Amino acid sequence: MSEQVHQPIKFLAGNRVYLRPIENEDLDFFYKNALWDKEGRRLTGTQAVFTRSAVQDWFDRISKDASRIDLVICLQETDQLIGVIAMLEIDQQNRKAVVRISIFDKDFWGDGYGTEAMSLLLEFGFEIMNLNRVGLDVFAYNKRGMQSYKKLGFIEEGRIREELFYNGAYHDSILMGVKRDEFIKFV
């Protein structure tokens, strides 16, 4: 009898990354690696201090929330978890949602992994969920993030001045959005 090899669930698959549901087994990775990286915290504006039990509570809460889809970003080649992506505030009546992404491992910054992951989620949102518009907000100092979003068709729709106080200074939040007919699939 041959031993069965565990195959990861690949909910949305691209050329170099795939997206799969967050599993309970991923929470230690989040707690130990993702939530404490200084630059990652700055890019997301994270100021909260997390306990391991708070991470578990967060997971238990989002797992039951039908207004959101939370996924991890993994490499096709090795199944390595490199980030997280989410579609939030899903509003079927008005056909809109908000997205958020974070690539945890700096080795994968600037090489298009995040753009590919976001493209997969947007394609799902527009083609499967029949959304018309997807929005996000990004802090003005996150130039790499804004460049990635623009590649996918996002345009700047507004600015909230001094929305975030971080590291002793105020920072603007840039509101961006993409409509179904503006989306540029990233291959």
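## Starting with one residue

Is Phe29 buried, partly exposed or exposed? With a relative accessibility of 27%, Phe29 counts as partly exposed, because buried would require under 20% and exposed over 50%. Keep in mind that this is a predicted model.

## The overall picture

Let's step back to the whole protein. Its secondary structure comes to five helices and eight strands. Reading from the N terminus, the elements go β-β-α-α-α-β-β-β-α-β-α-β-β.

The protein has 187 residues, and 47% of them are buried. Its accessible surface comes to about 10,800 Å², with carbon and sulfur atoms making up 48% of that. Now look at contacts with a separation of 6 or more: 61% of them are between residues 24 or more positions apart.

The eight strands form an open sheet, and you can trace them in the order β1-β2-β3-β4-β5-β6-β8-β7. The pairing in this sheet is mixed. At the edges stand β1 and β7 (residues 155-166); each has a single partner strand, so one side of each is left without a neighbour in the sheet. As background, strands of a sheet pair through backbone hydrogen bonds, either parallel or antiparallel.

Four of its five residues are buried, so β2 is largely enclosed by the rest of the structure. Strand β1 (residues 12-13) runs antiparallel to β2, joined by two bridges, and Leu12 stands opposite Leu19 in β2. A hairpin of three residues takes the chain from β1 to β2. Strand β3 (residues 69-75) is also antiparallel to β2, this time with five bridges. There, Val17 faces its opposite number, Leu75 in β3.

## Two nonpolar cores

The largest nonpolar core holds 39 residues, and the members that touch the most others are Leu19, Ile73, Ile85, Met87, Leu122 and Phe154. Elements giving two or more residues to this core are β2, β3, β4 (81-91), β5, α4, β6 (133-139), α5 (143-151) and β8. Which element gives the largest share of this core? That's α4, with eight residues.

Leaving out residues up to four places away in sequence, Met87 touches Ser67, Arg68, Ile69, Ala97, Val98, Val99, Leu121, Gly125, Met129 and Leu131. There is also a second, separate core, made of twelve residues, including Leu27, Ile62, Val72 and Cys74.

Ile174 lies in strand β8. Why does Ile174 count as buried? Its relative accessibility is 1%, and buried means under 20%.

So who are the neighbours? Setting aside residues within four places in sequence, Ile174 is in contact with Leu136, Asp137, Val138, Ala140, Met146, Glu156, Gly158 and Arg159. The C-alpha atoms of Ile174 and Asp137 are separated by 5.4 Å, although these two residues are 37 residues apart along the chain.

How many aromatic pairs turn up in the whole structure? A search finds seven. One of them brings us back to Phe29: with Phe104 it forms a tilted pair, 5.9 Å centre to centre and with 45° between the planes. This pair links distant parts of the chain, as Phe29 is in helix α1 (residues 27-34) and Phe104 is in the loop between β5 (96-103) and α4 (113-128), 75 residues apart. While Phe29 is partly exposed, Phe104 counts as buried, at 14% relative accessibility.

Phe126 and Phe183 make another tilted pair, 5.6 Å centre to centre with 50° between the planes. Here, too, distant parts of the chain are linked: Phe126 is in helix α4 and Phe183 is in the segment after β8 (169-179), 57 residues apart. Both Phe126 and Phe183 are buried.

Conventions:
Residues numbered from 1 in each chain as written. Predicted model: local features only at pLDDT ≥ 70, side-chain atom pairs only at ≥ 80, totals over all residues. Heavy atoms only, no water. Buried < 20%, exposed > 50% of the residue type's maximum accessible area, 1.4 Å probe, protein only. Pairing = 2+ DSSP bridges. Contact = heavy atoms within 4.5 Å. Areas by Shrake-Rupley, 256 points an atom, 1.4 Å probe, with all protein chains shown as cover. Phe/Tyr/Trp six-rings, centres within 6.5 Å; stacked < 30°, edge-to-face > 60°. Core = buried A, V, L, I, M, F, W, Y, C linked by side-chain atoms within 4.5 Å.
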